[in-house]
Amino acid sequence: MEEQFLAIQDQSVVIAALAYGIIFLVLLTTGLLLFFHYSRRKIIQKELEKIGLKLTHQKQILKATISTQEEERRRIAQDLHDAISARLNVVSLTANLMLEDEDLNKEQHESIEHILGVTTTTLESSRKIAHDLLPPILDKFGLKVALEELFEDFTKSTRLQIIYDIDDIKLSSKTNELHVFRIAQELINNATRHGEATSMNIQLAKNKHGFIVTCKDNGKGFDVDQVTKNSGIGLQNIKSRASILECNLHIESTINEGSTFIIQSKHHE
Amino acid sequence: MVILNDILKYLGLTLLLINVILFFKSHNLFQKIMAYRIIFIYLLVSLIFSLINEHMNMKKTNNLYLSHFYFAFQFILLSFFYIVNFNRRQQKFIKIIFVIVLAILGSQYILYPKELFGFNLLEVFITSFPLVVYSIIHLYNSLSQKGQYLYINASILIYLSASTLIFFLGNYLAEFDREVVVNIWFIHKVLYLVFLILIFLEWKSNFSQYKIKV
């Protein structure tokens, strides 16, 4: 009887050891799981930070590229004006003076008139190129007038009809106004070149966080997913400028039913 | 304690059945996701084993030799589960271990058929330890990749490592007084419940959403 009791007591010791062994193992494996779980979280967080840094860096590069581009445009426009237009004006004045000379025979007279004609058209083209490079009206009269002029120009010179409604919005800088102007320009270019649109509806309005541009056309439309994945230079340009303006770009399009672009200031907290 | 033990046993069986049913509900994944297929088969066979076990228990026949089939089947299926989720180098490692383990088991039973009628310690060790190692490798993989099947992996790691320890002493415990051993089987059943709950969570987080999408 006593022997049996002792045996059972022995067994209890083994069982207790085993029970603690099991609990120990469970805690150990749980600890291991928690260790991996938190390491994983930490690694993911670090990766996210890295990606964030990379994105900011890319954005800075884009911003620099675009501002360099604008600066170059401004410089070329200025040079066109100073170096070419001014001198052509001298040529045209001289030609005019020469025409007043009564000793000229008919042939000479015709040649000088020809020179005068060529100079005038060249002057006109150089003025137009400079104007396209940097619309002087934007500097002098602001975004609203510049956009109105742009839309009127397009409506007059192409078969595209633009209906617009523009609020007089105040942007923080001239550069930002130029970005909005360029976006509008690019949108119209895309609609005529790729979409073959015949009518467009453009709105620029104030909203709570800044402004909103809505641009709707009746062109061919496109597959948004595919175009967003590998966008051309035009769309890329719009995207970068929108990102510089801290705006969201939203695109909707159905094939054969036109497309809608919405550019809207991001909500700042 | 004995009554509580019985309750836990039937709770485990019910949960296993629920898991099988839930996995069966997402059967449209059967063709699509290999890991799902393996887990589903694993649960189904586990249920069949449990029912046979229960039946034999009632008839009071010796059911220990069933355990050999259970360990072998568990090892084979879970090895496949990890093969599907590992990279090429790790897959090679699993395949080598797989062949070695099956070779050892086969030759042992041919040479010593007597071993079939008790807990075979070598068998418990070589069929469980590799799986624990795989689950740790899987955790390591999840650090750098998108972590998949982490619940199932956790359940395998916790349950297998603890239950292996119990089975090591299986032969010894079989000779013990039933009243004393009941505590150990109690812990084992709690662990098995945790195992099943984690598999249920896996189904909920991973497979149940698929059902809505498809």
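## Basis of the description

The model is predicted, with local features needing pLDDT of at least 70 and side-chain atom pairs counting only at pLDDT 80 or more, while totals for chains, interfaces and linings use all residues. Residues are numbered from 1 along each chain as its sequence is written, and chains are lettered from A and ligands numbered from 1 in the order in which they are written.

## Elements of chain A

Chain A holds seven helices and five strands, where helices (H or I, at least four residues) and strands (E, at least two) are DSSP runs numbered from the N terminus. Read from the N terminus, the order is α-α-α-α-β-α-β-β-α-α-β-β.

Of the 269 residues in chain A, 17% are buried, a residue being buried if 20 or more other C-beta atoms, placed from the backbone, lie within 10 Å of its own. Among contacts with a separation of 6 or more in chain A, 66% join residues 24 or more positions apart; a contact requires C-beta atoms, placed from the backbone, within 7 Å.

## The sheet

The five strands form an open sheet of mixed pairing, in the order β1-β2-β3-β5-β4 of chain A, with two strands taken as paired if DSSP finds at least two bridges between them. Because β1 (161-166) and β4 of chain A stand at the edges with a single partner strand each, one side of each has no neighbour in the sheet. The twist averages 10° from one strand to the next, with axes fitted as lines to C-alpha atoms (for helices over the stretch in contact) and angles running from 0 to 180 degrees between N-to-C directions.

Strand β3 (residues 210-217) of chain A runs antiparallel to β5 (residues 259-265) of chain A, joined by six bridges. On β4 (residues 247-253) of chain A, which pairs with β5(A) in the antiparallel sense over seven bridges, A:Ile251 stands opposite A:Phe261 and A:Asn248 opposite A:Gln264. The hairpin of β4(A) and β5(A) has five residues between the strands, and A:Asn256 there takes a positive phi near 70°.

Helix α4 (residues 143-157) of chain A lies across β1 and β2 (199-207) of chain A, at about 165° to β1(A).

## Nonpolar cores

A nonpolar core is a set of buried Ala, Val, Leu, Ile, Met, Phe, Trp, Tyr and Cys residues joined through C-beta atoms within 7 Å. The largest has 41 residues, and B:Ile39, B:Ile156, B:Tyr159 and B:Phe195 have the most contacts inside it. Helix α6(B) gives the most to this core, with eleven residues.

A second, separate core of 28 residues includes A:Phe154, A:Leu187, A:Val213 and A:Leu235.

Terms used. Buried ≥ 20, exposed ≤ 12 C-beta atoms within 10 Å, placed from the backbone. Contact = placed C-beta atoms within 7 Å.
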